[in-house]
Amino acid sequence: MADIIWAKDLRPGNTFLFKGNLYQVIENSFNKTAMREGIVKCKVKNLRTGAITIEVLTGEKLEKAPVATVKMLFSYDDGNNFVFMDNTTYETTEIPRSRLDWEKNFIVEGTEVAIQKYDDEILGVSLPDQIVATVTDAEEAVQGNTVTSVQKKAWIATGFEIKVPQFIKVGDKVLINTINGEYVGRTH
């Protein structure tokens, strides 16, 4: 039998099934009046679609959904799938390239990611907030341009284009924010 959780007991981070959807609680509030049953308003993320909505629950019993997070290393790209390996069990998991539209810009061999699973269903891949990447190509710096905020285009090994300061050159290691794809700084 599945584990049950009352709507009033939901907390941020909890995962549950409701109306055929798999949700994770982002935030919630509980409102109880003297003559009525308590109302729980939950801001939830649909773990299958990524949509964020508000669900209003009144005294519902919900089925807990045990979502596991597994740390895995990117091994290789077979052209159709990205293949990841669990460091402890050496099991591999294939995820279609089409499901990693944004993430594939930052995944190179050896990148550690967190893969969320519900039973055998892959829900998504979480990247670290920032990654270190090597600049493989960059525009030439404009001579005589002394304005500090001037940026130029540069590319990393995945082909992803970033805007970097004029002093960055091919071979430099840069820190990139994986949430918005912006240059954060240079590393050594």
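Reply: Two strands are said to pair when DSSP finds at least two bridges between them. The strands themselves are DSSP runs of E, at least two residues long, numbered from the N terminus. The model is a predicted one, in which local features need pLDDT of at least 70 and side-chain atom pairs count only at pLDDT 80 or more, while totals for chains, interfaces and linings use all residues. Residues are numbered from 1 along each chain as its sequence is written, and side-chain values use heavy atoms, with hydrogens and water left out.

The hairpin is made of β8 and β9, with five residues between the strands. β8 covers residues 81-86 and β9 covers 92-96, and Y90 sits in the loop that separates them. The two strands run antiparallel and are joined by five bridges. One of the paired positions is F82, whose bridge partner in β9 is I95.

Along β9, T93 and I95 point to one face and are buried.

D119 lies in the loop between β10 (112-118) and β11 (121-126). D119 is not a glycine, yet its phi is positive at about 55°. With a relative accessibility of 61%, D119 counts as exposed.

Elsewhere, six strands form an open antiparallel sheet in the order β1-β6-β2-β3-β4-β5. β1 (4-6) and β5 (52-57) each have a single partner strand, so one side of each is left without a neighbour in the sheet. Neighbouring strands in this sheet are turned by 50° against each other on average, direction ignored (axes are lines fitted to C-alpha atoms, and angles between N-to-C directions run from 0 to 180 degrees). Within the sheet, β3 (residues 21-31) pairs with β4 (residues 39-46) in the antiparallel sense over eight bridges. N31 stands opposite I39 of β4.

An open sheet of five strands has the order β14-β13-β12-β15-β16, again with antiparallel pairing. Its edge strands, β14 and β16, each pair on one side only. In this sheet, too, neighbouring strands are turned by 50° on average, direction ignored. β13 and β14 pair antiparallel over five bridges, and K153 faces K163 in β14.

K152 belongs to β13 (residues 151-156). K152 is buried but has no salt bridge, and the nearest side chain of opposite charge, E140, is 6.6 Å away. Here Lys and Arg count as positive and Asp and Glu as negative, while His and the chain ends are not counted. A salt bridge is a side-chain nitrogen of Lys or Arg within 4 Å of a carboxyl oxygen of Asp or Glu. Leaving aside neighbours within four places in sequence, K152 is in contact with residues including A138, E139, I162 and V164 (contact means heavy atoms within 4.5 Å).

Side chains of opposite charge can pair when their charged atoms come close. The whole structure has six salt bridges. One of them joins D9 to K8, with the closest N and O atoms 3.6 Å apart. D9 is partly exposed at 34% relative accessible area, and K8 is partly exposed at 45%.

Salt bridges also link K169, D172 and R186 in a network. K169 and D172 have their closest N and O atoms 3.5 Å apart. K169 is partly exposed at 49% relative accessibility, whereas D172 is buried at 11%. For R186 and D172 the corresponding distance is 3.7 Å. R186 lies in β16 (residues 183-187) and D172 in the loop between β14 (161-165) and β15 (173-177), so this pair ties together parts that are 14 residues apart in sequence. R186 is partly exposed, with a relative accessible area of 41%.

How values were computed
Helix = DSSP H or I, 4+ residues; strand = E, 2+ residues; numbered from the N terminus. Buried < 20%, exposed > 50% of the residue type's maximum accessible area, 1.4 Å probe, protein only.
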